[in-house]
Amino acid sequence: MAWARLICLLALLGATLRAAPGNDLAAAGAHYVDRATADAALARTFTLQGVTAVQPLRADGAGYDWDWRGPRDDPEWAWFFNRHHWFPALLAAYQETGDTRYSAALAADLDDWMATHPPPGRITFSAAWRPLEAARRLVHSWLPVAPALAALPGARPGIAARFDASLVAHGEHLLAHHAFGGNHLITEMLALTRLSLARPDLPGAGRWLDYGLDQLSRAYDEQVYPDGAHVELSTHYQRVIALNYQALLVQLRAAGRDDLVAKWEPRVERLWRYVAAVMTPSGANPQNNDSDRENYRGLLLSHSPGLLAPDRAPGIVHLPWAGQTVWRGGPPERPHWAFFEAGPRGTDHDHADHLQFNLSLGTADFLVDAGRYTYAPGPWRDYFAGPAGHNVLLLDGRGADPRPRRVGAEPAPARFGEKGPLSWAWGDATFSDSDGRRIGDWRRVVIYARDAGWVVVDRIVTFSARELTTQWHWAPSVEATPAGARWTARSGEAELEVNAPNEGRWQAQRGQETPSPRGWFSPVFNKREPATQTDLMQNLRGPRVNVWLFRPPSTGESLMAETVAAGRVVVRCAGRRWTLDLETMSCGPAN
């Protein structure tokens, strides 16, 4: 009965995950199972996070060097390799073809790993027994192949018994040595509950289940804000967390735990509501903090299709705990979308992206986050995670001071407003020099004039000579060539008119590697491509207010903005004039 329940559970979960287009399985640590993966494994060739290499054998030639860090000397390769993503592919290829080369390879790899990797009895960050790898290995590789092991051609006698003993070791390891928090804890406790529900006959399964469910509940309360955002504030890891808790629902339904299903359904929906709230018109996600470009619409179609309505509805969505604001509007054939970050920086995987502004028109991305590319320390990580890779300001070449990692028991006071056709949000930051002395204050205000475009206002307060750099990162498909105060950015047939401050000097870079990276975009981990970055540099000798205008050409002169005093901006929209006070953030009809 245990194996029957496991097969049912895995079939349900697999169908749920495979229904979503995109690389959802890959982000959760698994890989799409196909013959090519199995054939490559027979040739000791593996592709992990977009990098392909031949895995070397140990010096004795008896099996893989499981600790090898890949062709880039990256610990991520060793961690991912020890998740054994090719095991289900080998089993599927054997079952489809009857070719025992596949089954023999699976049995040999599994036996070799078990023989050379006894449980460490302590917490470790090793390639084999980092708790996250133990969890991923269980969920995506070991449990899917488990029912076939006892009768697997080419396996040494007793492999099933050795396997069960290692399952117990995995369960006890996750119980005693799991992560303290973050998305790792959730993933590890999901694996523990999955193992206990699939194999209730194993010693300790009852303890694993009770402990795992308790930890998952505590982790949810600690890590998910009331507006549905995960505290790391990375859309990539938001998806990982949402899929993990969705998988928990699948487990509980398969186990007949209706009481727990009723408890978890609204919690899981809250996670998907955040996904729907920030999704772009193309169905992708903003790449805030460490994130790849991913398929959010496919996730919602699979797991919560009723939440797709916000993608079509115009207006403003303010997420007070995340400190994020999303605008939607414009014509149905090319809807407007913008994303503004003014909240905490995130508990992990954070970037220097405070007060960043992203913008899309229909399926065409214009202003984007540069992405994550790598976790390896060095100039590339500095670029993609630092202020240089974001649509933010630099003062004397330095980014704004870091924000708190998370909000407390209450969200920050609401920092958005609406009046007539205008809606706006704002945030504040400070700048310090290398000695920690405060050298400037920054307030950024983003105003959306319904269906007409956006006004971005940057107020800088400083009282000594400084150089201000305003950075705009454009999607790789965008042609952006600054030409004075008014110019047009183009992506295919989509256009965006830019009205810029009329003082300063422009610099445009695309694909620069030395002396430091500039002008790059990373769609997924380990991949980068050139993308235009435009910088406006201005010499300041005191306070400055810069007003930027971004609008589709079809709006013509119906949207204009100008500074009428150091503390006030006038926006003209649809024949009317509105004044916004940059200190009080109040707005009313202009005199």
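The structure is a predicted model, in which local features need pLDDT of at least 70 and side-chain atom pairs count only at pLDDT 80 or more, whereas totals for chains, interfaces and linings use all residues. Residues are numbered from 1 along each chain as its sequence is written, and side-chain values use heavy atoms, with hydrogens and water left out.

Helices and strands were taken as DSSP runs (H or I of at least four residues for helices, E of at least two for strands), numbered from the N terminus. Residues were classed by relative accessible area as buried (under 20%), exposed (over 50%) or partly exposed (in between), with a 1.4 Å probe and protein chains only. The buried residues of α8 include Phe163, Leu167, His170, Leu174 and His177, and the elements covering the buried residues of this helix include α6 (100–116), α7 (131–145), α9 (182–198) and α10 (205–223). Ala161, which also lies in α8, counts as exposed at 54% relative accessibility; the C-alpha atom of Ala161 is separated by 8.6 Å from that of Ala150, eleven residues apart along the chain.

In helix α11 (residues 235–254), Asn244 counts as buried at 6% relative accessibility. When residues up to four places away in sequence are not counted, Asn244 touches Arg136, Ile186, Thr187 and Leu190, contact meaning heavy atoms within 4.5 Å.

A nonpolar core was defined as a set of buried Ala, Val, Leu, Ile, Met, Phe, Trp, Tyr and Cys residues joined through side-chain atoms within 4.5 Å. The largest such core holds 96 residues, of which Trp86, Tyr245, Trp264 and Trp272 touch the most other members. Helix α12 (residues 258–278) contributes the largest share of this core, eleven residues. Apart from this core lies another, of 44 residues, among them Phe366, Val368, Trp474 and Trp548.

An open sheet of four strands has the order β8-β13-β19-β16, with antiparallel pairing, where two strands pair if DSSP finds at least two bridges between them. Strands β8 (393–395) and β16 (505–510) stand at the edges with a single partner strand each, so one side of each is left without a neighbour in the sheet. Eight bridges join β13 (residues 466–473) to β19 (residues 532–540), and Glu467 has Asn539 of β19 as its bridge partner.

With a disulfide taken as a pair of cysteine sulfur atoms within 2.5 Å, the count comes to zero. The sulfur of Cys587 is 11 Å from the closest cysteine sulfur, in Cys573, which is too far for a bond. Cys573 is buried, with a relative accessible area of 5%, as is Cys587, with 14%.

Most residues other than glycine have a negative phi, and most peptide bonds are trans. The peptide bond from Thr514 to Pro515, however, is cis, with omega near 0°, and Pro515 is found in the loop between β16 and β17 (520–521). A positive phi, near 70°, occurs at Leu355, in the loop between β5 (336–341) and β6 (357–361), where Leu355 counts as buried at 0% relative accessibility. Met585 has a phi near 60° and is placed in the loop between β23 (576–581) and β24 (587–589); Met585 is buried, with a relative accessible area of 5%.
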